Amino acid sequence: MIKIDLKLFVTLSKYLPQDSECLELSEKTTVETLIADLGIPFKLVKLIFINGKRQDYKYQLKHNDRVGLFPPVGGG
Amino acid sequence: MGTSKFAERYDRNFNTLSRGEQKTLGVSKVAVIGLGGLGGSVCEMMARIGVGHLTLIDGDIFEASNLNRQLLSQEHLIGIPKAKAAKKRVNAVNSEVIVKHLVEYIDESNMFERIKDADVVMDCLDSIDTRFKLQDAAKKASIPIVSGAIAGVTGQVTSIFPGDKGYGLIYGEKSRKQSKGVETRTGNMAYCALFVAALQSSECVKILLDRGDILRNKLLIAELWTNTFEVVDLV
């Protein structure tokens, strides 16, 4: 098992699981499977960042990763 | 402006800025596109900092629902064009600034012409598809964009130079035709708008003066409920 720190922004925050700062996942979990398991519609996630760097859906999560999922923000 | 008047007006800018840098700002040209929550505050800061030439563009008029966050909106200005109010405010703050205001929406037909003489374009728009088009026009004109966007108490800021992937990295290329983001569900708070406008103004000054660290290929994200601040490497 691995543990990650997950942050979901703006309207995605309603999908935040309990213990999100220390979320336990099976090894080899990708961002894609994480999003699916949390029930987040894929079209709502525009930007994925891991440890402060943009990544894509195929990224395989590692122990202690800081994961952020960000929706489209366009207001002025 | 006479030497003594110049020195007095900008006295508190020194020595954060040198006199030479202040003069550079005075001959700089900035276009502010969109004069709502972000753009109105950007105008105020550009005028006070002393950016010498401003082009202010928005086709919209003030409505009562703007009063919660848009610095330029006032009860007696409901129904008045935002660009007109912006020019009046800039003139009142700093009469040395040369202001061109345009009460019109920008689109592909007029965008390039409106921005081509600017040194920096401030993207304060409220629709994602128009942001992509502005990025294309700025690329054609070889001008950097400073972009701000907000939703609720979350904001983002980045600087996009000609040739950068910019919005494609933030929204995805498939979003070129998407008009609105999650702000339609969250609304926007005044302090978030002013905060992001301040960061945009800082980026603009840094680009104009070629000084400091610029958010190029980086996205600054701020979420104010949880005090989360992160600078994401986009490439």
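Two strands pair if DSSP finds at least two bridges between them, and strands (E, at least two residues) and helices (H or I, at least four) are DSSP runs numbered from the N terminus. The model in these views is predicted, so local features need pLDDT of at least 70 and side-chain atom pairs count only at pLDDT 80 or more, while totals for chains, interfaces and linings use all residues. Residues are numbered from 1 along each chain as its sequence is written, chains are lettered from A and ligands numbered from 1 in the order in which they are written, and side-chain values use heavy atoms, leaving out hydrogens and water.

**View 1. A hairpin joins β7(B) and β8(B).**
Let's start with strand β7 (residues 218-223) and strand β8 (residues 228-233) of chain B, which run antiparallel and are joined by six bridges. Look for Glu223(B): its bridge partner in β8(B) is Thr228(B). Four residues lie between the strands of this hairpin, where Asn227(B) takes a positive phi near 55°. Strand β8(B) has a covered face with Thr228(B), Glu230(B) and Val232(B), and an uncovered one with Phe229(B), Val231(B) and Asp233(B).

**View 2. Strand β4(B) has parallel neighbours.**
Strand β1 (residues 29-33) of chain B runs parallel to β4(B), with four bridges joining them; Ile33(B) has Asp123(B) as its bridge partner. Three bridges link β4(B) to strand β5 (residues 145-151) of chain B, also in parallel, and here Met122(B) stands opposite Val146(B). In a regular strand the side chains alternate between the two faces of the sheet. From β4(B) (residues 120-123), Val120(B) and Met122(B) point one way, Val121(B) and Asp123(B) the other, and all are buried (under 20% relative accessible area; exposed is over 50% and partly exposed in between, with a 1.4 Å probe and protein chains only).

**View 3. Two residues other than glycine have positive phi.**
Ser142(B) sits in the loop between α6 and β5 of chain B and has a positive phi of about 55°. Is Ser142(B) buried or exposed? With a relative accessible area of 56%, Ser142(B) is exposed. Now find Asn217(B) in the loop between α9 and β7 of chain B, where its phi is near 60°. Asn217(B) counts as partly exposed, at 23% relative accessibility.

**View 4. A cis peptide bond joins Phe14(B) and Asn15(B).**
Omega of this bond is about 5°. You can find Asn15(B) in the loop between α1 (3-9) and α2 (19-26) of chain B.
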